[in-house]
Amino acid sequence: MAYKKYFTLSYDDGVHADKQMIEIINAYGLKCTFNLNSGLMPEEDTSSWYVCKKHIPEVYKGYEIATHGYKHLWYNKVSADEVDEDIARDIEELSKFTGSTTFGHAFPYGAWTDDTIKVLNKYGIKYARTVRSTHTFDLPTDPILIDPTCHHADSQVFNLIEDFKNAEPTDRDMLFYLWGHSYEFRRDEEFNSWKHLEKICKAISGRNDIVYCTNMEFINRK
């Protein structure tokens with residue numbers, strides 16, 4: 001069996017900055033999963049921050065859409081029933097606009113409890129992402145609690161990219177999982193700018209030995 005290296009992106013909230021991010025990652029042939037809070041996204045184009053629901057198919061065409069909770073609640077601070085409703089409503093709303101059921105999730109604020117995991121299993125969620133950086137390329141031991149390699153603003157991100165490019169998956173698959181929020185690139189800081197995103201894309205893209213995939217494509221890999 002030939003083992004492979006996988007690279008995936010996971011970006012949260014469903015904001016207008018996603019549009020510029022998509023233009024950039026498209027130019028480099030990368031793939032991303034966008035985790036949306038449908039309860040915060042307006043029905044019509046009335047928000048200067050969030051993409052409106054009716055534009056979801058157009059904005060995110062070709063990308064995986066995953067749930068991030070209907071209202072982006074702190075799941076460790078609300079009841080199990082509130083978590084259930086938040087996840088169920090997000091799945092229902094996103095399904096209306098994408099035409100398919102979502103099977104991925106990113107924990108709002110990176111928070112969860114045992115009840116949260118039960119709810120995700122109840123609705124058939126196949127994977128969920130935390131915000132705990134591993135700084136490794138190890139495969140997740142539990143797909144319902146995937147710890148990413150790092151956030152895009154991590155000071156080690158380019159060292160990790162070089163390590164990943166030089167690594168050989170001799171006895172297992174390897175995963176570089178990068179996450180963040182596209183609005184952070186608007187801050188025009190060293191590690192939070194559109195130039196920083198371009199630099200990441202240029203550094204990781206164009207490799208024949210890396211599989212560029214959405215989160216679910218990685219989960220469903222053979």
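Glu162 is partly exposed in this predicted model, with a relative accessibility of 37%. Its side chain meets that of Lys165 in a salt bridge, with 3.1 Å from N to O. This pair is one of the salt bridges in the structure, for which the count comes to 14.

**A pair within helix 5**

- Glu162 and Lys165 both lie in helix 5, which covers residues 157–166.
- The two residues are 3 apart in the helix, which means that about one helical turn separates them.
- Lys165 has a relative accessibility of 15% and therefore counts as buried, the limit being under 20%.

**A pair between distant parts of the chain**

- Asp173 and Arg221 form a salt bridge through their side chains, at 3.0 Å from N to O.
- Asp173 belongs to the loop between helix 5 and strand 7 (174–180), while Arg221 belongs to the segment after helix 7 (215–219).
- The pair thus links distant parts of the chain, 48 residues apart.
- Asp173 is buried, at 7% relative accessibility, whereas Arg221 is partly exposed, with a relative accessible area of 27%.

- Lys122 and Asp84 form a salt bridge in which the closest N and O atoms are 2.8 Å apart.
- Lys122 counts as exposed, at 55% relative accessibility, whereas Asp84 is buried, with a relative accessible area of 16%.

**Packing of helix 3 and helix 4**

- Two packed helices are described by the distance between their axes and the angle between those axes.
- For helix 3 and helix 4, the axes come within 9 Å and cross at roughly 35 degrees.
- The crossing of helix 3 with helix 4 is right-handed.
- On the side of helix 3, the residues in contact are Ala80, Val83, Asp84 and Ile87.
- On the side of helix 4, they are Asp115, Thr116, Val119, Leu120 and Lys122.
- By class, this contact of helix 3 with helix 4 has 5 nonpolar, 1 polar and 3 charged residues.
- Asp84 and Lys122, the partners in the salt bridge, are both among the residues that meet here.

Key: Residues numbered from 1 in each chain as written. Predicted model: local features only at pLDDT ≥ 70, side-chain atom pairs only at ≥ 80, totals over all residues. Heavy atoms only, no water. Salt bridge = Lys/Arg side-chain N within 4 Å of Asp/Glu carboxyl O. Buried < 20%, exposed > 50% of the residue type's maximum accessible area, 1.4 Å probe, protein only. Helix = DSSP H or I, 4+ residues; strand = E, 2+ residues; numbered from the N terminus. Axes fitted to C-alpha atoms, helices over the stretch in contact; angles between N-to-C directions. Left-handed = near helix turned anticlockwise from the far one by under 90°. Contact = heavy atoms within 4.5 Å. Nonpolar A, V, L, I, M, F, W, Y, C, P; charged D, E, K, R; others polar.
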